[in-house]
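I opened my notebook to look up a few things in this model. My entries follow in the order I made them.

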Amino acid sequence: MALNVAQKLMKDHLVSGKMEAGEEIGLKIDQTLTQDATGTLVMLELEAMGIDRVKTEASAQYVDHNLIQVDHKNPDDHLFLESATRRFGVYFSKPGNGVSHPVHMQRIGKPGKTMVGSDSHTCAAGSIGMLAMGAGGMEVALAMAGQPFYVKMPEIWGVKLTGELPDWVSAKDVILELLRRHGVKGGVGKIIEFYGPGVSQLGAMDRHVIANMGAELGATTTVFPSDEEVRKFLEMEERGEDWIELKADKDASYDLEEEIDLSSLEPLIAKPSSPGNVVPVREVAGEPIYQAYIGSSANPGYRDVAIVAEIVKGKQVSNSVSLDINPASRQLLSDMTKSGLLFELIQAGGRLHQAGCNGCIGMGQAPATGRNSLRTTPRNFPGRSGTKEDAVFLCSPETAAASALTGKITDPRDLEMEYPKVELPEQPTINNELLEKPLPLEEARKTELVKGPNISKIPEFEALPDEMELPVLFKVGDDISTDEILAGGGRVLPYRSNLEEISKFTFEILDGTYYERAMETREAGGHVIIGGSNYGQGSSREHAALAPRYLGLRFVIVKDYARIHWQNLVNFGVLPLEFVHDEDYDMLEHGDVLRVKNLHQTLPATNALEVEVKGKGPIEAKHSLSKRQIDVMLHGGLINWVKQGEAKNS
């Protein structure tokens, strides 16, 4: 049977289940990735589960999100993470070394391997022919402990690329075109695999731009073949021995098929406040801007920053614009310095920031109230920038650079200049010393975990009750993101290892009273949340499930879920239900009391449940849990399940 790339990767790593769409499969995981906004919990989970040493081929911990050190919390956690990586046998990437995704791609990622990461943009590694998926920290911790990663077998969506990108159009416009066509739910339950003659026109880092933002479509992951472009990339990184060829068989087919003619694309832009709100740049041209932000994991390559330097060379950015340069890695920063292009950016008025996620996660570079910010970042969810009333647009580096020069949103094709050509460095600046290697086992076992005052234990949660009668505490609409459930940024993320404190920020963007009201219901048994479609889209941060659970959330009923958040709810014992009839969403209100009963018997027997709404009668609900997930749920979450030895028996 002819196989595509995604099928080959899954077949080579399948340990349980059948590769049939919708069936739960278990996959052997070769590598893991954690970053500091999520990795602290992962390391605490490893400790809680009594793990001695990771079992993967390579696991890496990056410090890239929480770099701002305004008090002790972030640096204390950096020390904890460093001690934990030494204790458990994990690579450690120091603060300032760069964003996890491009650094991992450059130094550790390998074609043909599987990876899970506690970051939704882990799918970026698909750019070099990996099967790389974002997940909650608990699942990553289990993978580090040698357990399979479970996921429902996705459909494979083949996107054939033909033609060649015209001048002033780049990889960011390719993924924005898919978002324009399909929106933020278009990839749910699917792996997006790119193939066709147009793929060879894209370098490895161009593919990273596209693969990274597969997460914005809600896709399980994004996959490219491992071909000559990947070989060239790895050879430049002095890792040519890690290359293998991995292509779809000649007669391979896909569950869904689509074509993008690269030569037909134009500069695109996602308007506030969704990556799916995409229009041609010329449709919004002329809007004044306050900020042009270059960098992030969604445009992390040398070309992405060098093209901006070439566009602004010898010119000055508009006096009304802050041109923020956020290099994605120290390697990129070094290469830009050696080429002289960093000088051009600074001379043109650019503001240089340290290598890291920075403003993409709301850690600095927040825009002014009511002013437009153009960003090459992957997301523009409400408030994600750090400014509550933000107006963030997503675009290519070319569009951001052109707009920085004019002071208003500008189609780069309207600049009076030829499209600059960027040559990649013949030899990148490689410094392996910034990525600490795992210690030998005996030395690792002598390492003590360094815990500052901001680190607290994960609380123990009780098993799922057989019956619950709880009030609806909050009702939300469609496309609620994890940033809206629990914000990132400089105010919140420093408490990532302190559940009691971080929970105080839960839902604050949508309802500043949620925390106090939730605490009132907590001792009485908890509460319920009602939601619309695509609930929990965006970040893989498990805090968005863990904090509400800590505050008493016991079950959620929505129209449908984003994959990672749905799984995170299960991991912490929050029952994720869906409406059978969407119109029932309209009849439920804040204050309604919902009753579910006989859960211990009903959940394993059927996916249908009756929910009694006091004073209104019953409504029909359903669940999509596998047999294994039901067992996890009945135990009260993944930690309880592992402690009681169920993981070994599954």
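**Entry 1: α19 and α22**

At what angle do helix α19 and helix α22 pack, and how far apart are their axes? I first noted that the model is predicted. Then I looked up the pair. Helix α19 covers residues 563-571, and helix α22 covers residues 627-635. They pack at an angle of about 45°. Their axes are 8 Å apart. That angle makes α19 oblique to α22.

Next I looked up the residues that meet. From α19 I listed W566, Q567 and V570. From α22 I listed R628, Q629, V632 and M633. By class, this contact has 4 nonpolar, 2 polar and 1 charged residues.

**Entry 2: α4 and α7**

I moved on to another helix pair. Helix α4 spans residues 100-107, and helix α7 spans residues 204-212. Their packing angle is about 135°, with the axes 12 Å apart. That makes α4 oblique to α7. I also checked the handedness. The crossing of α4 past α7 is right-handed.

Which residues make the contact between α4 and α7? On the α4 side I found H101, P102, M105 and Q106. On the α7 side I found A204, M205, H208 and N212. I sorted the contact by class: 4 nonpolar, 4 polar and no charged residues.

**Entry 3: α2 and α5**

One more helix pair went into the notebook. Helix α2 runs over residues 36-48, and helix α5 over residues 137-144. Their axes come within 9 Å and cross at roughly 55°. That makes α2 oblique to α5. I noted a right-handed crossing of α2 past α5.

The α2 residues in the contact are V42, M43, E45 and L46. The α5 residues are G137, M138, A141 and M144. By class I wrote down 6 nonpolar, 1 polar and 1 charged residues for α2 with α5.

**Entry 4: F88**

Is F88 buried or exposed? I looked up its relative accessibility, which is 3%, so F88 counts as buried. F88 lies in helix α3, residues 73-88.

Then I looked for its contacts, leaving out residues up to four places away in sequence. F88 touches M43, L46, E47, I51, D52, R53 and V54. F88 and E47 are 41 residues apart in sequence. In space they are 9.2 Å apart, C-alpha to C-alpha.

**Entry 5: aromatic pairs**

How many aromatic pairs does a search of the whole structure find? The search finds 9. I looked at F194 and F224. Their ring centres are 4.8 Å apart and their planes are at 10°, so the pair is stacked. F194 lies in strand β10, residues 190-195. F224 lies in the loop between β11 (221-223) and α8 (228-236). The pair therefore ties together parts that are 30 residues apart in sequence.

I checked burial for both. F194 is buried, with a relative accessible area of 1%. F224 is buried too, at 0%.

Y195 and Y254 form another stacked aromatic pair. I noted 4.8 Å centre to centre and 20° between the planes. Y195 lies in strand β10, and Y254 lies in the loop between α8 and β12 (256-261). This pair links distant parts of the chain, 59 residues apart. Y254 has 10% relative accessibility, so Y254 counts as buried.

I also found a cluster. Ring pairs link F474, F507 and Y514.

**Entry 6: backbone details**

I ended with the backbone. Most residues other than glycine have a negative phi, and most peptide bonds are trans. I went looking for exceptions.

Where is there a cis peptide bond? One joins P272 and S273, with omega about -5°. S273 lies in the loop between β13 (268-270) and β14 (278-280).

Next came positive phi values. Phi of S296 is near 85°, and S296 is not a glycine. S296 lies in the loop between β15 (291-295) and α10 (302-312). S296 is buried, with a relative accessible area of 0%.

Phi of N358 is near 50°, again a positive value in a residue other than glycine. I placed N358 in the loop between β17 (350-352) and β18 (372-375). At 5% relative accessibility, N358 counts as buried.

Methods. Residues are numbered from 1 along each chain as its sequence is written. This is a predicted model: local features need pLDDT of at least 70, side-chain atom pairs count only at pLDDT 80 or more; totals for chains, interfaces and linings use all residues. Side-chain values use heavy atoms; hydrogens and water are left out. Axes are lines fitted to C-alpha atoms, for helices over the stretch in contact, and angles run from 0 to 180 degrees between N-to-C directions. Helices (H or I, at least four residues) and strands (E, at least two) are DSSP runs, numbered from the N terminus. Angles under 35 degrees count as roughly parallel, over 145 as roughly antiparallel, 65 to 115 as roughly perpendicular and the rest as oblique. Contact means heavy atoms within 4.5 Å. Ala, Val, Leu, Ile, Met, Phe, Trp, Tyr, Cys and Pro count as nonpolar, Asp, Glu, Lys and Arg as charged, and the others, Gly among them, as polar. Buried means under 20% relative accessible area, exposed over 50%, partly exposed in between (1.4 Å probe, protein chains only). A crossing is left-handed if the near helix is turned anticlockwise from the far one by less than a right angle, and right-handed if clockwise. Rings of Phe, Tyr and Trp (its six-membered ring) pair if their centres lie within 6.5 Å; planes under 30 degrees apart count as stacked, over 60 as edge-to-face and the rest as tilted.
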